[in-house]
Amino acid sequence: MAKFFVAGEYQDSESKQATEVRNPATGEVVDTVPKGNVNDARRAIEAAAGALKKWSEMAPAKRGAILLEAGRLVTQQEKELTNLLTREQGKPLRESILEIRRFVHTLDHYGGMAKSLRTGAVLLDNGRHGLILRKPLGVCGAIVPWNFPVSLMGNKLGPALLAGNTVVVKPASTTPLTALRCVELIDKAVQAGGGPKGVINLVTGPGSVVGEELLVNSTVRKIGFTGATDTGRHVMQSAAKDFKHVTLELGGSDPMIVCDDADLDRAVSAASVGRFFNCGQACLAVKRLYLFDKIADVFMEKLVEKVKKLRIGDGFKPDTLMGPLHTAGQRQEVEEQIEEAVKRGARVLYGAQRPKGGDYDKGFYLQPTLLADVDPASRILQEECFGPALPIVRVKDLDHAIEQANNSIFGLGSSVWTRDINRAMAAAERIESGYTWINSAQIIYDELPFGGVKQSGLGKEHGNEAIDHYTEQKSVVIATETHSEAVGGE
């Protein structure tokens, strides 16, 4: 049985209970992890608090060097980590490799930022100078989902650790193993670089217990959360009791608009990858496709042919392009959304069935699904679809497309395909989302801030802006001796 990681060492839960981690492709038990309780979470929080002073007083350049070393250690273990990630999450091995490399890229990005972190100064008036200091918030909680359990953890750890905070990670109960190993490697880099034990900790256990303690414990000053919008609402409510800082990266239902002057072949590839990567289980993904009438039929024909080539199977098979959904419940939810759309008049262009026989019967597989003529009131358009199904809607023009795109409670990502710069900029300005791609696949860059609008979240990850969300700004006024007499007279 694996153990969780607190104060630089593996520890068992006070409860002595365990939770099984199963492979979604086969149903086999990969490992078990401790079922942490409130006292376990408090122990990790205390360890993080104990390490805070020494860690925050280290020079940012030293903390940056430690992040770079952590990335190097993770890269050395890439094969082990990618195999473990595929076993516990179900994604194809090639996607696991991309995720581990994405995690390293984020650590490297923030490690490389260390020497360029600066504070501000201003001359206020004759004899007075103002300084603006950045101070770490303190102990931070990182609550990470199951769909990208390593890369999404990195989005929180990179800026949090560089800024001088200490962290307690709460991974998803179904995908704790790879994150646990990565935390160990980061801690190894911390201690090798002269940092204290307890800078980074990880506790497994139910979100209602371990996660909730992070939300209500007054020692924790910041929560970074990625997950469902309903859960994010609860996170915000609980964190508000003692005014914790929160960053919420929540659900999404990203629209993709294809204009009649678009490069159709490139757009078809982007739609296929953007919807079916990680079996469609991504907050940031193409989830609603809006096609200009003029090119709709041709586009759908090309897309069907593309999607037919997506080979479904166990992530360890070299020809697998799409693995299973993560759980039986996740598959059922997507199937119910498809069924409801069909009852409202949608046509199934492809998919909508479970592949059967042999290994397929062991896992939570579902064919990639394309639906045309979808009623705007359908659940699959109004809710977040977290699986391999793509609803397609015809639109008259760009105004109609943007109107439909904005008809959602979500606003995470979006994309538009056109050769007309005026159309492109109009879409970028008017679509209600935190990120818009123009003639590009949905690739996230650490250089740019990322976060949603409306019910897709609060705050920013990535970019310099992420550092802002892990620091407090403090103003300092310094009066010189020549100004000391005037101070008393004000």
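Biologist: Where does Cys283 lie, in terms of helix and strand?

Modeller: Cys283 lies in the loop between helix 9 and strand 13; helices (H or I, at least four residues) and strands (E, at least two) are DSSP runs, numbered from the N terminus. This is a predicted model, in which local features need pLDDT of at least 70 and side-chain atom pairs count only at pLDDT 80 or more, while totals for chains, interfaces and linings use all residues. Residues are numbered from 1 along each chain as its sequence is written, and side-chain values use heavy atoms, with hydrogens and water left out.

Biologist: Is Cys283 buried or exposed, and which residues does Cys283 touch?

Modeller: A residue is called buried under 20% relative accessible area, exposed over 50% and partly exposed in between, with a 1.4 Å probe and protein chains only. Cys283 is buried, its relative accessible area being 9%. Contact means heavy atoms within 4.5 Å, and, not counting residues up to four places away in sequence, Cys283 touches Asn147, Glu249, Leu250, Gly252, Asp254, Glu384, Phe386 and Leu412.

Biologist: How many disulfides does a search of the whole structure find?

Modeller: A disulfide is a pair of cysteine sulfur atoms within 2.5 Å, and the search of the whole structure finds zero. Cys279 is in no disulfide, since the nearest cysteine sulfur, that of Cys385, is 10 Å away. The sulfur of Cys283 also has Cys385 as its closest cysteine, but at 13 Å, which is too far for a bond. Cys279 is buried as well, with a relative accessible area of 3%.

Biologist: In what order do the seven strands of the open sheet stand?

Modeller: Two strands pair if DSSP finds at least two bridges between them. The open sheet here has the order 14-15-16-13-12-17-18, with mixed pairing. Strand 14 (347–350) and strand 18 (435–438) stand at the edges with a single partner strand each, so one side of each has no neighbour in the sheet. From one strand to the next, the twist averages 25°.

Biologist: Which strands pair with strand 16 in the parallel sense?

Modeller: Strand 15 (residues 369–372) pairs with strand 16 (residues 389–395) in the parallel sense over three bridges, and Thr369 has Ala389 as its bridge partner in strand 16. Strand 13 also pairs with strand 16 in the parallel sense, over four bridges, and there the bridge partner of Leu291 is Arg394. Six of the seven residues of strand 16 are buried, so strand 16 is largely enclosed by the rest of the structure.

Biologist: Which strands does helix 9 lie across?

Modeller: Axes are lines fitted to C-alpha atoms, for helices over the stretch in contact, and angles run from 0 to 180 degrees between N-to-C directions. Helix 9 (residues 264–276) lies across strand 12 (254–258), strand 13 (286–292), strand 15, strand 16 and strand 17 (413–417), and runs at about 165° to strand 12. Helix 10 (residues 293–308) packs on the sheet too, touching strand 12, strand 13, strand 14, strand 15 and strand 16, with a direction at about 140° to that of strand 13.

Biologist: Which residues of the largest nonpolar core touch the most other members?

Modeller: A nonpolar core is a set of buried Ala, Val, Leu, Ile, Met, Phe, Trp, Tyr and Cys residues joined through side-chain atoms within 4.5 Å. In the largest one, which has 76 residues, those touching the most other members are Phe103, Met153, Leu157, Leu161, Val169, Ile186 and Ile223. Helix 6 (residues 177–192) gives the most to this core, nine residues. Leaving aside neighbours within four places in sequence, Ile223 is in contact with residues including Gly141, Leu214, Val235 and Val246. A second, separate core of 55 residues includes Ala262, Tyr290, Phe292 and Ile431.

Biologist: How many bridges join strand 10 to strand 11?

Modeller: Five bridges join strand 10 (residues 220–226) to strand 11, and the two run parallel; the partner of Phe225 in strand 11 is Leu248. Strand 11 (residues 245–249) is mostly covered, with four of its five residues buried.
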